[in-house]
Amino acid sequence: MKRFIAAVVAGVVLTASFATVLASSYVGNANSRKFHFANCSTLKKMNPANRVNFNSRDEAINAGYIPCKRCKP
Ligand SMILES: [Zn+2]
């Protein structure tokens, strides 16, 4: 039974984080002032504390962020 609960909790956490990725297609790094596609590999190494979500490319540009050279958003 404990194992079942753990599996359900893991499933909910995975679904929630997946929904977060879908909700914001662009992610900025408050430290580097660059923004990325939400699936950019650079984001995996980024400190989550520096993560800024943007709903559009314009929103990121207007906030003074520059596009990542790797994922070219
Ligand atoms: Zn990137």
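**Close-up views of a predicted model**

**View 1. The loop that holds R33.** R33 sits in the loop connecting β1 and β2. As this is a predicted model, please read each view here as a look at a prediction. R33 has a positive phi, near 60°, and is not a glycine. That is worth a second look, because most residues other than glycine have a negative phi. Is R33 buried, exposed or partly exposed? R33 is partly exposed, because its C-beta has 14 C-beta neighbours inside 10 Å, a count between the limits of 12 or fewer for exposed and 20 or more for buried.

**View 2. Strand β1 and its two partners.** Here we follow β1, which covers residues 26-29. On one side, β1 pairs with β2 (residues 34-37) in the antiparallel sense, over four bridges. β1 is also joined to β3 (residues 51-54), again by four bridges, and these two strands run antiparallel. Which residues stand opposite Y26 in β2 and in β3? In β2 the residue is F37, and in β3 it is F54.

**View 3. The largest nonpolar core.** Seven residues build this core: Y26, V27, F35, F54, A60, Y65 and C68. Y26, met in the previous view opposite F54 of β3, is one of these core residues. Leaving aside residues up to four places away in sequence, what does F54 touch? Its contacts are S24, Y26, G28, F35, E59 and A60. Among them, Y26, F35 and A60 belong to the core as well.

View 4. Is K72 buried or exposed? K72 is exposed, because 9 other C-beta atoms lie within 10 Å, and a count of 12 or fewer places a residue in that class.

**View 5. The whole chain, for orientation.** Stepping back, we find three helices and four strands. Along the sequence they come in the order α-β-β-α-β-α-β. The chain has 73 residues, of which 15% are buried. How many of the contacts between residues at least 6 apart in sequence join residues at least 24 apart? The share is 60%.

Note on methods: Residues are numbered from 1 along each chain as its sequence is written. This is a predicted model: local features need pLDDT of at least 70, side-chain atom pairs count only at pLDDT 80 or more; totals for chains, interfaces and linings use all residues. A nonpolar core is a set of buried Ala, Val, Leu, Ile, Met, Phe, Trp, Tyr and Cys residues joined through C-beta atoms within 7 Å. Two residues are in contact if their C-beta atoms, placed from the backbone, lie within 7 Å. Two strands pair if DSSP finds at least two bridges between them.
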